[in-house]
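Please open the structure in a viewer and keep a selection tool at hand.

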Amino acid sequence: MSVSEPKSSFLSQSRPWSVAVIGAGAMGRGIAQVAAQAGMSVRLHDAVAGRAAEAVIAIRAEMEKRAAAGKLSREVCDAACTSLVSVEELADLADRNLIVEAVVEDLEVKRGLFRALEAVVSADCMLATNTSSLLVTSIARGCAHPERVGGVHFFNPVPAMKIAEVIAGARTGPATVEALRAFVADIGHTPIGAADTPGFLINHAGRGLYTEGVRIVAEGIAAPHDVDAVMQEAAGFRMGPFQLFDLTGLDVSYPVLSHIYREFFEEPRFRPAPLLRRQVEAGLYGRKVGEGFYRYADGRPVPGAIEEIPAEWAPRPVWIEPDDRAVAPWLSARLSALGVPIHDGACPGADAIQLVLPIGEDATSAAIRHGLDLQRVMAIDPLLADARRLTLMPTVATRSEVRDALVGMVRTGGGKATLIHDSPGFVAQRVLAMIVNIAADIAQQRIASPRDIDFAVRGGLGYPTGPLALGDALGPRTILTILERMQAFYGDPRYRPSPWLKRRALAACSLTHPDA
């Protein structure tokens with residue numbers, strides 16, 4: 001045994017767990033609660049005097065509430081309330097075999113805390129960080145025993161989000177990783193292994209929804225509520241990016257976005273938009289302050305403007321460009337069901353709306369490519385056949401009466417329609433392609449396995465499906481086409497396809513297929 005190794009195996013100390021949680025904020029409280037409910041001895045500490053004691057009172061009240069509602073047994077509740085105590089000094093943690101820190105996301109603060117703990121705890125005590133964006137390797141730097149330092153990244157609210165990333169730093173020992181995985185399993189959560197990279201797995205995978213959603217708004221293509229509506233009612237997400245920003249708090253989300261962008265040496269895929277900085281400077285953080293991208297009253301969003309039918313419009317037949325009909329064979333029936341007259345001729349009638357269905361292309365470019373009259377062209381996103389909301393898009397030269405006629409017919413027929421400005425990839429195509437591409441690059445970098453990527457994103461981010469499975473459902477070649485056309489249009493390496501995606505699209509195989 002080398003002099004740098006602890007005196008005994010972490011695994012031999014893994015049961016029964018004696019746990020300390022440092023940091024009595026939302027994350028620390030959640031970690032302490034689930035550990036206590038799992039029958040572990042838990043001590044909660046915070047640098048602010050009295051804060052840990054207040055947190056213990058609040059946690060006990062929450063557990064009592066759950067017990068009264070039948071969500072927690074009386075026996076478990078009573079035992080957990082007894083086993084959870086607050087302490088005011090780090091010295092009171094000397095007998096713990098696992099300490100989880102959930103303090104402010106500041107590298108020097110975390111480093112200083114771990115160095116202070118090493119002077120207090122025994123040699124076989126593990127030190128775990130709940131950091132969401134800092135490298136575990138960086139936090140462990142300066143520790144006398146970096147092999148016992150690992151990452152356990154939980155998600156808020158911890159009792160409900162039953163998944164945690166287990167991260168090994170560059171010098172974390174295998175025994176530490178194995179024991180941390182056992183701890184996560186013992187509290188009833190699922191451990192997911194992730195490499196020590198900025199954002200690890202789940203926060204890394206979430207960049208596509210956030211950064212592309214903001215890019216769409218910053219480019220003037222759509223308003224925040226339009227992007228959210230499309231992602232919810234067309235793409236099937238529980239919340240859109242701007243609803244999530246307001247829920248999490250932009251004072252929390254923006255620093256993480258900026259940090260991950262910097263830590264990846266300004267990787268264009270993760271580039272945030274100046275729009276977010278403006279919101280932060282204005283103090284428009286979201287629900288917690290009553291206003292963000294939405295306004296709130298009593299913690300609930302104030303209803304926005306109702307989608308109106310244009311004041312003046314007249315019905316017109318719709319002619320779908322013949323080469324595009326095969327892209328969305330369901331669209332004619334969908335429009336007909338809404339009362340939209342369909343013109344089936346080989347050529348459009350004199351008053352017909354000329355409809356194009358571009359993939360990764362803007363309406364103007366698609367109309368020019370097909371040789372159509374730009375003044376009479378509208379585009380509909382054909383990507384999602386089961387979308388409960390249609391996304392409509394004019395060219396740069398579409399006449400207002402043509403635009404209003406299509407919007408009026410769809411909404412009068414009872415359909416939901418979001419009208420956006422011309423954009424390559426509409427909204428859903430852009431965001432979904434970025435989500436899939438970033439996940440593919442996570443697989444390419446071996447940050448996590450394809451199976452763990454999909455499982456972790458579903459469980460940690462609440463997406464309707466895993467990003468690689470989503471790519472398979474939409475078609476890897478379709479995702480590749482969207483990205484290549486957007487990259488060609490913008491000339492921005494932000495949209496360059498991941499090698500993982502490109503190879504599998506060209507080989508016509510699943511994105512979950514591992515390398516040989």
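Helices (H or I, at least four residues) and strands (E, at least two) are DSSP runs, numbered from the N terminus. This is a predicted model, in which local features need pLDDT of at least 70, side-chain atom pairs count only at pLDDT 80 or more, and totals for chains, interfaces and linings use all residues. Residues are numbered from 1 along each chain as its sequence is written, and side-chain values use heavy atoms, with hydrogens and water left out.

**Confidence**

Colour the chain by pLDDT, the predictor's confidence in each residue, from 0 to 100. The mean for the protein chain is 94, and 97% of its residues reach 70 or more. Next, select residues 1-14, where pLDDT stays under 50. Where pLDDT is low, the predicted coordinates should not be read in detail.

**The second largest pocket**

Select helix 9 (residues 224-233), which supplies the largest share of the lining of the second largest pocket, 7 residues. On a 1 Å grid over the protein atoms alone, a pocket is an open set of points with protein on both sides within 12 Å along at least five of seven lines, whereas a cavity is a set of points where a 1.4 Å probe fits but cannot get out; lining residues have an atom within 4 Å of a point. This pocket has a volume of about 590 Å³, a volume being the space filled by probe spheres set on the points, which are joined across faces, edges and corners. Of its 23 lining residues, the closest to the centre are His225, Tyr294, Pro303, Gly304 and Ala305.

Now move to glutamine 243, in helix 10 (residues 241-248). Contact means heavy atoms within 4.5 Å. Not counting residues up to four places away in sequence, glutamine 243 touches Asp228, Gln232 and Tyr294.

Which loop holds arginine 389? Arginine 389 lies between strand 14 (377-380) and strand 15 (390-394). Its relative accessible area is 7%, so arginine 389 is buried (buried means under 20%, exposed over 50%, partly exposed in between, with a 1.4 Å probe and protein chains only). Show the side chains of arginine 389 and threonine 418, which make a polar contact at 2.9 Å. Such a contact is a pair of N or O atoms within 3.5 Å; within protein, one must be able to donate a hydrogen and the other to accept it, and residues adjacent in sequence count only if both atoms are side-chain atoms.

Arginine 389 also belongs to the lining of the largest cavity, together with residues including Val230, Ala234, Asp381 and Ala428. The volume of that cavity is about 60 Å³.

**Backbone features**

Most residues other than glycine have a negative phi, and most peptide bonds are trans. Select asparagine 156 and proline 157, which are joined by a cis peptide bond with omega about 0°. Proline 157 is in the loop between strand 6 (149-153) and strand 7 (163-168).

Glutamate 266 has a positive phi, near 60°, and sits in the loop between helix 11 (250-263) and helix 12 (274-281). Its relative accessibility is 52%, so glutamate 266 counts as exposed.

**The segment after helix 21**

Finish with alanine 508, in the segment after helix 21. Alanine 508 has a positive phi of about 55° and, at 70% relative accessibility, counts as exposed. Histidine 513 also follows helix 21 (499-507); histidine 513 is partly exposed, at 45%. Beyond its neighbours within four places in sequence, histidine 513 is in contact with Trp500 and Arg504.
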